[in-house]
Amino acid sequence: MGRVDEPPRLPEGSFAAWSRDRLALARRGAEECGDVWQLEPGVYVAAAAGPCEAVLRRAQDFPKASSPLFPPLRRPGGAPTPEERAYAHAARMRGLRAQAVAARIGEIAPRTARFADQWPTDRDVEILPPVRHALAEIGVSYLFSEDAPALLPYAAQLFLAREVLVQPSRWVWPRWVPTPARRFRTRQQIAFTDALRPVVRRRRSSGRLGDDVLGQMLRPSPRYGLLPEEAVLDTLPGITVATFETPSRAAGWILLHLARYPQAASRVAAEAASLPADPAATTSTHLGGLHYTQALVSEVLRLYPPSWLLTRRAPRQTELADYTIDAGSTVLVCPYTAHRDAREHPDPDRFRPERWLPDSGSPTKPGAFLSFGTGPHGCEGTALAMAMLTLLTAQTARAHQLSEPPGPEPSYQVTTLEGLATAGLRLRATSRG
């Protein structure tokens, strides 16, 4: 899933040309230039699995830029303190850890089943919009439970603000310049905060904090005490969008692979037959039994990581592979090429979910997997994203056979600082029954 950050601006010149040609040149660069290569002065590319993992794990040498897409709103009392931000992050993590997600599988499963049930059959459908809506319902409900319906429209507007902000621009404006996109972002952030504030106050005044992520953030900490209201409000817009934005991109690729590989889809459907007839009765045990479905999801994420390029900056001089990285340099981490490193994944361009199954006679142990990052800044919503995607895949394959409409192959969209997504993907569903 990943925290949604405002992309740092990168140097122009050769990098701009490299990004225009997108993944093909990224792959060629990795093959011709080695595990790490210098793109231009002050810009390096970590292309192989080992250096990519090293950069992401060495957070002191290559910290993640502090540039939230939804920064704290300006208020008379100032922004949350570093201690308050640390407490807010820790409290949020309590609600997103694997055990917390496992306890709420029965809430996630019905919405994935409803998505499959509501897919119109026997006609071509542009699938990403309904996928995004279904995953937004799941993500916002996971964060806010019974208060989610009132907040979902504001979450949709936050997503729209994000899309406007990350559009490529020929001009690089300082962050203090109130561009139209930034003003729009601020308006939507204020609207979301104004809608969430009475929810926070009602829960605190009633004492019924809830067992969702918001409830975890409202509980006092033995170390920090009660988290101030503004600190709660400021930390939630970004994670709200993150619960469904990146998983939606991943789901597009997964559904496309169900259409292109009918034998794999049939195997997922057979496995999904073990799920309860009542989706609300689904438990973490049922989810854990979807071995092949999880392997298929992992394999698609390996081939098409939703975030194909990550950016880090070196605050001080350090070493990476055979290079001395000067302070202030940019290091581009490319999960797309790392996942296609034949030393980590034999036959790396082949779609083979079996490589992720431990007991299927798979010839090798699967290698590096960076779709959710790794190290100190790995995605805090990994467990939630995998649960959403696995159940969506299983329920869809159980209900439908998917196919691509005739005509040219669907395009995909790559933006330098955003991610990798299918664009205008249309699929047809035929009832498996």
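Two strands count as paired here if DSSP finds at least two bridges between them. Strands (E, at least two residues) and helices (H or I, at least four) are DSSP runs, numbered from the N terminus. This is a predicted model, with local features needing pLDDT of at least 70 and side-chain atom pairs counting only at pLDDT 80 or more, while totals for chains, interfaces and linings use all residues. Residues are numbered from 1 along each chain as its sequence is written, and side-chain values use heavy atoms, leaving out hydrogens and water.

**View 1. The antiparallel open sheet, β3-β11-β8.** Three strands make up this one, with β3 (124-126) and β8 (400-403) at the edges, each pairing on one side only. Four bridges tie β8 to β11 (residues 426-431) in the antiparallel sense. Look for Ser403, which sits opposite Arg428 in β11.

**View 2. Helix α17 on that sheet.** Spanning residues 382-399, α17 packs on the sheet and touches β8 and β11; contact means heavy atoms within 4.5 Å. The direction of α17 makes about 95 degrees with that of β8. Such angles run from 0 to 180 degrees between N-to-C directions, with axes fitted to C-alpha atoms, for helices over the stretch in contact.

**View 3. The mixed open sheet, β1-β2-β7-β4.** Here four strands line up with mixed pairing.

**View 4. The parallel pair β2 and β7, with helix α3.** Strands β2 (residues 43-46) and β7 (residues 330-333) run parallel, joined by four bridges. Ala46 stands across from Val333 in β7. Helix α3 (residues 49-57) packs on the sheet, touching β1, β2, β4 and β7, and its direction makes about 120 degrees with that of β7.
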